[in-house]
Amino acid sequence: MPGVSVTVICRDEAHHLEDALRSVAWADEIIVVDSGSTDGTPGIARRFTDRVIVREWPGYAAQKEYAASLAANDWILSIDADERVSAALAAEIREVIQREPREAAFRMPRMTRHFGRWLRTTDAYPDYQVRLYNRRRARWKPLDVHESVTADGPVGTLRNDLLHEGDDTVEQRKAKLRRYAELSAREMRRKGRRGGAIALLLHPPAAFLRSYILRRGFMDGRAGLRVSLLQAYYVFHKFACLREQRSPTSGAGLEGPRERGGQAGRRGPRR
């Protein structure tokens, strides 16, 4: 029967890692690759697995590929330190793997807790993520904003949620969205997009209406309103950055070591 190896890459995630690893204790193997934590993260990881490796930071996709290369099983479940595998999702994964699927990978809905509330509305949900994959038929593709799995074969869809601990305050969320926006703008410019005044004027309110009205953010009260307004803030900042950037190599958004996308950063993940 095929087994499942869980991989986690991390740095300074002592406040999150225990819950993440506890949620995947059912897996056949857990591999943690740390990129130089100073807060005791490796010690927490060793309470759950002896497969703890400290490795210099090469970028998100490269680190995740390295973690997968260490696995004893071909089926990999990749999670971040601030994510948890729900009991229902764990049972579904085991059931899928036991039938030896023809799919090369599976995506799953991710539900995020923002401002103290789990959201099943706005652009935050279902936020599908390809995290379960056969390493012989799929691999991590580096992108400036969000690394992703590309598969040589069909990608299935799981029903149950991957749980994600989001932001508690508006300032935390804004800081993260500014970094995403700068990286998104750089990738858009590389693909030939040009930011104009009309886009800057029209896209942010459209993003708010989509998140708050079409995707029912109004049903999640104040948290839904905040997330929708912040989505408009992100879109505005993205198109503003696109207008400001003078060349694809301007380097906007690449200064700090804790960026969440692509190869930005020198030391590794903060989610």
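A salt bridge is taken here as a side-chain nitrogen of Lys or Arg within 4 Å of a carboxyl oxygen of Asp or Glu. The model on screen is predicted, and local features need a pLDDT of at least 70, side-chain atom pairs count only at pLDDT 80 or more, and totals for chains, interfaces and linings use all residues. Residues are numbered from 1 along each chain as its sequence is written, and side-chain values use heavy atoms, with hydrogens and water left out.

**First stop: salt bridges**

By the rule above, the count comes to 24 salt bridges. Select Arg51 and Glu29, whose side chains meet in a salt bridge with an N to O distance of 2.5 Å. Arg51 lies in the loop between α2 (41-46) and β3 (52-54) and Glu29 in strand β2 (residues 29-34), so the pair ties together parts that are 22 residues apart in sequence; helices (H or I, at least four residues) and strands (E, at least two) are DSSP runs, numbered from the N terminus. Glu29 is buried at a relative accessible area of 12%, whereas Arg51 is partly exposed at 26%, where buried means under 20% relative accessible area, exposed over 50% and partly exposed in between (1.4 Å probe, protein chains only).

Next select Lys64 and Glu147, a salt bridge of 2.8 Å from N to O. This pair links distant parts of the chain, with Lys64 in helix α3 (residues 60-69) and Glu147 in the loop between β10 (138-141) and β11, 83 residues apart. Both Lys64 and Glu147 are buried.

Then move to Asp127 and Arg110, which form a salt bridge with their closest N and O atoms 3.0 Å apart. Asp127 lies in the loop between β8 and β9 and Arg110 in strand β7, so the pair ties together parts that are 17 residues apart in sequence. Arg110 counts as buried at 12% relative accessibility.

**Second stop: backbone details**

Stay on Asp127, which is partly exposed at 26% relative accessibility and has a phi near 45°, a positive value in a residue other than glycine. Most residues other than glycine have a negative phi, and most peptide bonds are trans. Another positive phi, near 50°, is found at Glu100, in the loop between α4 (87-98) and β6 (105-108), and Glu100 counts as exposed at 58% relative accessibility.

Select Arg110, Asp127, Gln129, His146 and Tyr180, which lie nearest the centre of the largest pocket among its 39 lining residues. The volume of the largest pocket is about 960 Å³. α5 gives the most to its lining, with 7 residues. The lining residues divide into 13 nonpolar, 9 polar and 17 charged.

A pocket, on a 1 Å grid over the protein atoms alone, is an open set of points where a 1.4 Å probe fits, with protein on both sides within 12 Å along at least five of seven lines, and lining residues have an atom within 4 Å of a point.

**Last stop: a surface patch**

Finish with Leu209, Ile213, Leu214, Phe218 and Met219, which form a nonpolar patch on the surface with about 530 Å² of accessible area together. Patch residues have over 30% relative accessible area and no salt bridge, and nonpolar side chains are joined within 5 Å. Leu209 lies in helix α6 (residues 197-214) and is partly exposed at 48%.

Methods: Patch = residues over 30% accessible without salt bridge, like charges linked within 9 Å, V, L, I, M, F, W, Y side chains within 5 Å. Areas by Shrake-Rupley, 256 points an atom, 1.4 Å probe, with all protein chains shown as cover. Points joined across faces, edges and corners; volume = space filled by probe spheres on them. Nonpolar A, V, L, I, M, F, W, Y, C, P; charged D, E, K, R; others polar.
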